[in-house]
Amino acid sequence: MAHGPQPGFKRWLYTTNHKDIGSMYLWFSFAMFLLGGCMALVIRAELFEPGLQIVQPEFFNQMTTMHGLIMVFGAVMPAFVGLANWMIPMMIGAPDMALPRMNNWSFWILPFAFAMLVSTLFMEGGAPNFGWTFYAPLSTEYAPPSVTFFIFSIHIMGASSIMGAINIIATILNMRAPGMTLMKMPLFVWTWLITAYLLIAVMPVLAGVVTMMLMDIHFGTSFFSAAGGGDPVLFQHVFWFFGHPEVYIMILPAFGIVSAIIPTFARKPLFGYSSMVYATASIAFLSFIVWAHHMFTVGMPIAGELFFMYATMLIAVPTGVKVFNWVTTMFRGAMSFETPMLFSIAFVILFTIGGFSGLMLAIAPADFQYHDTYFVVAHFHYVLVPGAIFSITAGVYYWLPKWTGNMYNESMGKVHFWLAFIGLNVTFFPMHFVGLAGMPRRIPDYALQFADFNQIASVGAFLFGAAQIVFLFNVIRTVQGGSKASDEVWDNPEGLEWTVPSPAPYHTFSTPPAVR
Amino acid sequence: MLRGFNRLFALPGTTVFAHSALAEEQGVERWGVNMTQGVTEVAQTTYNLHMLIFWICVVIGVVVFGVMFYSMWRHRKSKGYKAAQFHESTAVELAWTIVPTIILILMAIPATKTLYDIYDTQEADLDIMITGYQWKWKYDYLGSEVSFFSNLSTPRTQIDNQQPKSANYLLEVDEPLVVPVGKKIRFLITANDVIHAWWVPELAVKKDAIPGFINESWTRIDEPGLYRGQCAELCGKDHGFMPIVVKAVPQAEYDSWLGERAESTAKMKALTEKTFTFDELFAQGEKVYNRACAACHQPNGQGVPGVFPAIAGSKVAMGPLDAHLSMVIHGSPNNPAMQAFGPQLSEVDLAAVITYQRNAFGNDMGDTVQPIDILNFKNKQ
Amino acid sequence: MATESSYYVPEQSRLPIFATIGLFLTAFGAASWINGGSSYIFFAGALAMATVLWFWFAAVIRENMAGLNSEQLKRSYVWGMGWFIFSEVMFFAAFFGALYYIRTFALPWLGGEGDRGSSNMLWQGFENTWPLYVTPDAAAHGEAAKFVGPKDIIDPWHLPLMNTVILLSSSVTVHFAHVFLKKDKRQAFNIWLAVTVALGALFLFFQAEEYYEAYKHLGLTLESGIYGTTFFMLTGFHGAHVTLGTIMLLIMLLRSVIAHHFKPDDHFGFEAASWYWHFVDVVWVGLFIFVYVLGS
Ligand code: HEA
Ligand code: HEA
Ligand code: CUA
Ligand SMILES: [Cu+2]
């Protein structure tokens with residue numbers, strides 16, 4: 001068997017190696033993050049002051065929609081899959097993913113799917129303009145023709161996610177080294193196992209709902225039309241049955257990453273390992289029965305309203321357990337503040353703030369005032385940007401020396417952190433204020449009383465964007481060279497990945513390692 | 001699409017705080033950071049609920065972050081602190097599962113009460129049907145003849161930055177919803193095309209307007225005044241441009257207003273018999289066009305390529321009259337965005353706008369359409 | 001958990017990238033075709049996809065015959081197929097859920113009951129019935145309605161009942177085939193498998209007849225309001241799965257007859273197809289109950 005990487009571009013096209021595929025996922029995701037970020041900058045530039053300056057409303061709506069879709073499906077999800085590809089086999093002592101060819105297939109679908117999605121920007125009538133939640137009938141009877149391409153790109157993205165998830169489950173359940181019992185697995189592996197179940201359960205539902213749209217648009221069915229006996233709200237139920245678990249798909253692996261980093265830099269074992277596992281499982285379970293908290297204003301019967309309110313509030317309990325565990329892990333540790341730790345600490349604080357606003361949104365009568373305002377935008381950016389994005393960034397800094405064999409530049413990392421931290425808060429914190437003061441989301445122009453905070457938010461967005469350039473630069477420099485990293489990299493970190501050389505060899509384990 | 005992209009670079013120039021300064025002059029409240037307390041009982045309870053939950057979160061935050069900052073300060077390696085090695089405690093874990101649960105239950109009680117209150121739409125004094133259209137609201141006072149559309153009244157020139165912005169920029173309409181104070185008003189909320197949401201923060205009413213279904217909501221306003229809100233569900237291109245203004249007045253004023261409204265509706269009907277001159281029709285048509293059609297077909301009649309067809313040089317506007325009448329009165333059979341304007345506009349306005357379209361933008365058909373033609377066309381069907 | 005002493009590390013492969021191109025062309029082609037473009041891209045993509053899958057399965061079979069597949073890899077295939085079927089279950093769940101929502105919530109509201117009962121004001125004269133012979137549109141707008149309900153629906157106790165019997169027995173026959181395969185009775189295996197394939201085809205034939213009937217005589221179509229919508233979407237997707245399942249089983253049959261594949265203790269290809277078949281069968285039972293029997 002030939003076992004080095006093939007030279008040239010064929011290496012990347014034909015590879016079955018989990019590390020190659022992991023790297024491709026990560027680079028793809030970063031590219032999408034920049035693209036989605038540029039769209040966010042168009043949004044922020046337009047919202048810099050009242051009046052229409054740069055773009056017209058229809059294009060603004062396309063930007064909002066594509067920004068949401070690209071960030072969610074193109075940036076965050078592939079980044080987590082990339083980390084899973086790199087780390088899970090190393091963490092459980094496996095030679096590779098369970099189904100390596102399918103692994104390659106899952107990856108390569110993505111660039112094609114996004115090419116198709118982004119190409120809609122150049123089609124007649126423009127790109128999808130109905131928000132990333134694409135509520136019917138705006139996305140059906142009233143949609144631009146490009147919606148058909150949007151639907152099919154969602155279909156193939158979904159196929160990619162399902163295959164990726166199946167692969168991860170098979171790997172975790174089937175490829176562990178002897179002695180690696182379930183309750184010995186690192187939390188990143190656990191959180192991904194549970195995330196993969198969520199993916200398999202909800203991606204087909206997303207496929208189902210876009211299929212219903214396709215049929216309504218082109219084949220005369222009436223799922224979402226009251227005239228034929230359907231209901232536009234049916235769309236929202238099916239969508240959010242997917243959509244809510246989807247937001248936890250974007251945060252559970254983040255919990256795993258942070259649970260790996262904090263103990264390392266607190267030099268103290270993770271507090272409450274088993275409760276972390278149960279909490280993750282509870283969050284995943286609850287995520288299936290809270291979807292209608294996105295729909296408090298659609299006019300559900302009061303019983304439904306109450307049920308979804310209570311169930312949603314309950315999620316604060318297992319999430320709280322996690323937060324308390326992290327804090328207790330830090331408590332009486334011997335902490336040091338390298339870049340991954342900085343990002344992880346910021347994660348804990350800012351994610352919790354996002355969680356608090358989530359809890360406020362869960363209170364149905366109060367949500368009547370918050371719903372579809374910038375308060376919601378502030379909430380989900382706090383859980384997504386310092387949540388998902390920061391955890392990914394932390395993970396990259398944490399494992400980069402293992403991947404490349406080189407140490408990243410620590411001062412540049414700190415500059416990146418502080419720029420990002422300040423930029424992010426300047427961008428998203430004022431959104432709470434304008435939201436409460438009454439600014440609806442998804443509008444290209446706004447009343448004068450919202451002007452000041454919007455201006456501040458726009459400045460912050462550009463600052464945050466600039467921080468990402470520092471990151472890009474730092475990563476490229478580290479890939480190219482730099483001071484050599486030791487095998488352990490950090491002070492006595494836990495996990496099999498630190499027992500192999502840095503950079504990790506192309507094939508990590510050809511015989512199963514011993515697990516303590 | 002990227003109109004005047006270079007303006008992006010001109011932005012940080014002198015104009016930056018011009019709008020804010022302007023807002024100041026006009027007495028717009030700046031730097032608002034919190035929810036309005038509103039002018040109804042429900043709004044007040046909602047506000048209190050909001051503040052309650054907020055403060056609970058703040059307290060929890062202070063405790064959690066306090067512990068965190070304390071250990072970040074005290075337990076750091078650079079200070080030579082040695083790490084403890086504990087990693088489990090069932091008692092502690094139980095405590096921080098149970099305590100939050102109790103806090104949540106305490107939150108849920110007032111929330112449930114408020115929700116029951118909001119859902120009680122029984123025994124209203126007045127029913128108003130609200131219908132969302134792309135991009136305007138229609139109000140029907142059930143049990144009377146009165147029914148009208150409410151459109152954004154901010155001129156295009158302000159939006160395009162060719163004129164200074166007025167104090168209620170984007171929050172002003174041509175005809176507000178007029179309601180009496182102190183009465184329980186039930187809203188029946190629906191939509192004609194896509195989903196909208198009728199939201200007035202000071203009344204704490206937000207309800208989705210869903211095509212084909214009717215949602216109910218209610219309010220009782222304590223103080224007379226003007227209350228402004230916006231559509232709160234993405235409904236297409238001009239979602240940001242369909243504001244709501246509610247004018248709450250004392251009962252007597254309301255009654256006389258309602259009487260006048262009903263009278264003028266009757267007067268409009270009478271005008272259907274009248275024959276107008278071309279110039280009258282054209283002038284009225286321009287007004288109607290800018291109010292009802294320009295959002296899509298654009299003020300210059302050029303439309304939006306690929307989305308909304310141009311009226312200038314349009315085969316319909318320059319073709320047989322019947323097809324034009326049918327398009328405007330019954331809407332397009334192919335694209336629901338081109339609504340049936342027959343039920344929305346008066347005969348006079350329909351005649352005017354069609355006359356206008358056939359003669360403006362260089363279409364120069366030279367024909368006029370009279371209100372009676374519209375009536376005949378409608379009756380023919 | 002792994003107990004093997006040494007791992008099998010797979011080689012590079014050009015299959016996935018070609019599969020991607022095939023899938024992309026299929027999806028892109030389908031979208032252009034539906035939007036009024038030509039159908040060539042779609043068919044080219046589908047052909048490419050089928051070809052790649054052919055080679056892909058051939059490669060897997062070859063590796064297995066060459067003894068390259070460890071027990072571990074085989075287990076991965078088992079997990080893979082199992083969770084794939086679960087994802088299919090969730091896909092159907094979305095449509096069953098839609099049917100449930102429509103019948104329990106949407107239609108009663110439109111008919112004037114419950115919390116959103118005032119909706120009936122918009123559809124005067126509409127009554128909530130199931131099957132929905134008169135849509136809200138037809139009730140309110142008469143002749144001008146876009147969605148006119150069906151004149152009649154499919155009687156569950158004729159063709160559908162027959163199809164239920166057919167499909168249920170096909171699950172039994174495929175099980176027999178499996179039993180004989182495990183006993184290394186090749187002849188019996190082939191026969192029972194052939195019977196299963198024939199039953200699958202028969203089912204499809206009857207379903208086609210049912211659809212023909214619905215469209216030709218009953219006015220029951222995709223456009224006939226929510227009854228037709230849910231009816232055709234659920235039975236249609238099921239039919240598509242039966243088609244796929246039949247093809248899978250047919251290929252297994254050909255592999256056995258022509259190439260003498262499968263061993264009594266190693267025949268996952270066949271097993272996977274038979275699981276799929278059982279799954280399709282279970283979905284049918286759901287359909288028969290919720291769409292046909294409780295729908296009439
Ligand atoms: C990573 C993604 C993510 C995460 C983790 C969350 C987490 C939560 N979200 Fe969020 N949410 C989104 C992403 C996310 N959300 C997105 C994208 C949207 C908008 C979609 C759209 O419309 O476009 C949204 C919208 C949204 C809404 C709808 C708002 C509206 O449209 O009107 C609601 C309402 O209930 C909600 C609630 C919650 C809750 C209760 C949590 C909880 O999980 C939070 C739990 C955490 C904590 C509470 C903090 C830590 C806990 C403690 C310290 C313990 C003690 C605390 C107490 C007892 C108070 N979210
Ligand atoms: C993980 C998800 C995620 C992430 C990371 C972000 C990141 C950001 N988001 Fe957004 N956002 C969403 C998910 C996300 N968002 C979703 C789901 C919505 C809802 C959509 C909807 O309503 O349908 C939304 C909506 C949304 C809105 C509301 C739009 C509206 O309602 O009309 C705004 C407005 O400010 C916004 C801003 C931003 C900003 C400034 C960032 C910043 O953090 C972005 C920072 C990144 C950059 C700025 C890129 C940096 C790169 C460069 C500057 C260099 C460029 C160079 C090269 C190309 C080499 N987002
Ligand atoms: Cu109407 Cu938004
Ligand atoms: Cu949610």
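Q: In β2(B), which residue is the bridge partner of Tyr133(B)?
A: Lys136(B) is the bridge partner of Tyr133(B) there. Keep in mind that this is a predicted model.

Q: How many bridges join β1(B) to β2(B), and do they run parallel or antiparallel?
A: They run antiparallel, with 6 bridges joining β1(B) to β2(B), the strand at residues 136-141 of chain B. The link between β1(B) and β2(B) is a hairpin of 2 residues.

Q: And in which sense do β1(B) and β5(B) pair, parallel or antiparallel?
A: β1(B) pairs with β5(B), residues 185-191, in the parallel sense, over 7 bridges. One of the residues involved is Gly132(B), whose bridge partner in β5(B) is Ala191(B).

Q: Why would you call strand β1 of chain B largely enclosed?
A: Because 7 of its 8 residues (126-133) are buried, the rest of the structure largely encloses β1 of chain B.

Q: Switching to the metal. What coordinates the copper ion (ligand 4)?
A: Three histidine atoms of chain A: ND1 of His244(A), NE2 of His293(A) and NE2 of His294(A), at 1.8 to 2.1 Å. Along the chain, the donors of that copper ion follow the spacing H-x48-H-H.

Q: Are His293(A) and His294(A) buried or partly exposed?
A: His293(A) counts as buried because its relative accessibility is 13%, under the 20% cut-off. His294(A) has 21%, so it counts as partly exposed.

Q: How far apart are the copper ion (ligand 4) and the iron atom of ligand 1?
A: The copper ion and that iron atom are 4.6 Å apart.

Q: OK, new topic: where is Ser259(A) found?
A: Ser259(A) is in helix α8 of chain A, which covers residues 252-266.

Q: Buried or exposed, that Ser259(A)?
A: Buried, because its relative accessibility is 5%.

Q: What does Ser259(A) touch, leaving out residues up to four places away in sequence?
A: Leu187(A), Leu270(A), Met276(A) and Trp326(A). With Trp326(A) there is also a polar contact between the two side chains, at 3.1 Å.

Q: Which backbone oxygen lies 2.7 Å from a polar atom of the Ser259(A) side chain?
A: That would be the backbone oxygen of Phe255(A).

Q: Last one: how many residues apart in sequence are Ser259(A) and Trp192(A), and what's the distance in space?
A: Ser259(A) and Trp192(A) are 67 residues apart in sequence, and their C-alpha atoms are 13 Å apart in space.

Definitions and conventions: Residues are numbered from 1 along each chain as its sequence is written. Chains are lettered from A and ligands numbered from 1 in the order in which they are written. This is a predicted model: local features need pLDDT of at least 70, side-chain atom pairs count only at pLDDT 80 or more; totals for chains, interfaces and linings use all residues. Side-chain values use heavy atoms; hydrogens and water are left out. Buried means under 20% relative accessible area, exposed over 50%, partly exposed in between (1.4 Å probe, protein chains only). Helices (H or I, at least four residues) and strands (E, at least two) are DSSP runs, numbered from the N terminus. Two strands pair if DSSP finds at least two bridges between them. Contact means heavy atoms within 4.5 Å. A polar contact is a pair of N or O atoms within 3.5 Å; within protein, one must be able to donate a hydrogen and the other to accept it, and residues adjacent in sequence count only if both atoms are side-chain atoms. Donors are N, O and S atoms within 2.8 Å of the metal (3.2 Å for Na, K and Ca); water is not among the atoms, so sites may look incomplete.
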